[in-house]
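Please read the following report alongside the sequence and the model shown here.

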Amino acid sequence: MDPTTLQNILSTNLNLLAGAAFKVIAAIILWFIGRKLIDISINITSRALRNQRIDPTLISYLISSLAVLLNIILVVAILGYFGVETTSFAALLAAAGVAIGAAWSGLLANFAAGAFLIILRPFQVGDFISAAGITGTVVEIGLFVTTINTPDNVRTIIGNNKLFSENIQNFSANDYRRVDIKVQLDHSVNPSEAIRVLQERIANIPNVISNPVPVIEILDFTPMGPELAVRPFCNNTHYWQVYFDTNRVIRESFSESGFPTPKQHFQIRQS
């Protein structure tokens with residue numbers, strides 16, 4: 001091969017490699033710059049929405065959607081820089097979307113359920129709920145999943161479709177909640193006296209509301225004696241504090257009044 005021809009081939013290949021390397025480096029730089037701009041845009045948008053006092057649940061959902069959209073635009077822009085036709089990419093993306101939709105119908109169901117959770121608003125971020133077998137405080141409602149912190153501080157991720165398709169109990173929706181405690185009395189204890197002893201003490205427990213007043217009544221009769229229902233009312237935030245304080249007050253009140261510990265009594269007859 002002619003040395004001049006070989007030199008031309010090498011020169012051409014080097015130019016092509018240099019151009020490709022330059023484009024790759026430029027694409028990497030564009031990616032990092034684009035990501036930085038996306039983060040800045042999301043932060044600015046998030047602050048603007050919070051200043052408008054929009055519901056935190058809706059803000060989280062909008063920010064997640066915006067982040068996905070901006071990242072797709074960034075990828076398309078970088079591919080366009082490499083000379084890939086964006087119209088072809090759009091058609092390819094649509095075709096891929098159909099294929100992914102067929103394969104990931106469950107994921108799309110979670111997305112649709114997330115949209116309905118935002119529109120119908122059975123709960124919002126910060127509410128204490130029970131749904132899909134999980135009880136806890138809602139931390140985030142995302143595009144596909146909802147994050148809940150359980151009372152024992154375990155972060156639990158639930159698919160929106162599972163969450164939306166089952167019964168949801170929102171303990172934070174109403175102004176107050178009832179605490180239910182059963183108290184077993186001994187046969188020798190007068191139920192009216194036990195109710196009188198508890199009535200004032202239960203009403204004075206911190207964070208027990210006065211309207212409606214605490215309910216203390218005979219619930220049932222067992223082999224050990226009468227069983228009382230002790231039901232104070234409180235805000236959901238104070239539920240466990242009132243629950244434990246009520247148990248403590250019951251124990252202290254009965255001990256001070258000299259009520260015996262309930263025992264099951266048997267009578268044996270021999271013929």
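The report below turns from confidence to individual residues, a surface patch, salt bridges and backbone geometry.

## Basis and confidence

This is a predicted model, in which local features need pLDDT of at least 70 and side-chain atom pairs count only at pLDDT 80 or more, whereas totals for chains, interfaces and linings use all residues. Residues are numbered from 1 along each chain as its sequence is written, and side-chain values use heavy atoms, with hydrogens and water left out.

The protein chain has an average pLDDT of 83, and 81% of its residues score at least 70; pLDDT is the predictor's confidence in each residue, on a scale from 0 to 100. Among the elements of the chain, the lowest mean pLDDT, 61, belongs to helix α3 (residues 86-103), and the highest, 96, to strand β10 (residues 233-234). Helices (H or I, at least four residues) and strands (E, at least two) are DSSP runs, numbered from the N terminus. Where pLDDT is low, the predicted coordinates should not be read in detail.

Helix α1 spans residues 3-51 and includes S46. S46 counts as buried because its relative accessibility is 10%, the classes being buried under 20% relative accessible area, exposed over 50%, and partly exposed in between (1.4 Å probe, protein chains only). When residues up to four places away in sequence are not counted, S46 touches I59 and I63, contact meaning heavy atoms within 4.5 Å.

I33 also has its place in helix α1, but at 46% relative accessibility I33 counts as partly exposed. Together with I25, I29, L37, I40 and I44, I33 makes a nonpolar surface patch of about 540 Å². Patches are made of residues with over 30% relative accessible area and no salt bridge, with like charges joined within 9 Å and nonpolar side chains (Val, Leu, Ile, Met, Phe, Trp, Tyr) within 5 Å; accessible areas come from the Shrake-Rupley method with a 1.4 Å probe, and for residues only the protein chains shown count as cover.

## The surroundings of P232

P232 lies in the loop between β9 (225-231) and β10, and P232 counts as buried because its relative accessibility is 0%. Leaving aside neighbours within four places in sequence, P232 is in contact with R177, R178, V179, I202, V208, P214, V242 and T246.

## Salt bridges

A salt bridge is taken here as a side-chain nitrogen of Lys or Arg within 4 Å of a carboxyl oxygen of Asp or Glu, and by this rule the count comes to eight. One of them joins K162 to E166, with the closest N and O atoms 3.1 Å apart; K162 is partly exposed at 43% relative accessibility, and E166 is partly exposed at 35%. Another links R196 with E193, where the closest N and O atoms are 2.6 Å apart. R196 and E193 both lie in helix α6 (residues 191-203), three residues apart, which is about one turn of the helix. R196 counts as exposed at 53% relative accessibility, while E193, with a relative accessible area of 32%, is partly exposed.

In helix α7 (residues 239-256), D245 and R248 are separated by about one helical turn because they are three residues apart. Salt bridges that share partners join D245 and R248 with R201, E252 and E256 into one network. The side chains of D245 and R248 meet at 3.7 Å, N to O. D245 is buried, with a relative accessible area of 17%, whereas R248 is partly exposed at 41%.

## Backbone geometry in loops

Which kind of peptide bond runs from N211 to P212, cis or trans? The bond is cis, with omega near 5 degrees, and P212 is found in the loop between α6 and β8 (215-222).

Positive phi values are found at R121, about 55 degrees, and at N153, about 65 degrees, although R121 is not a glycine and N153 is not a glycine. R121 belongs to the loop between α4 (105-120) and β1 (128-131) and is partly exposed at 43% relative accessibility. N153 belongs to the loop between β3 (145-149) and β4 (155-159) and, at 63% relative accessibility, counts as exposed.
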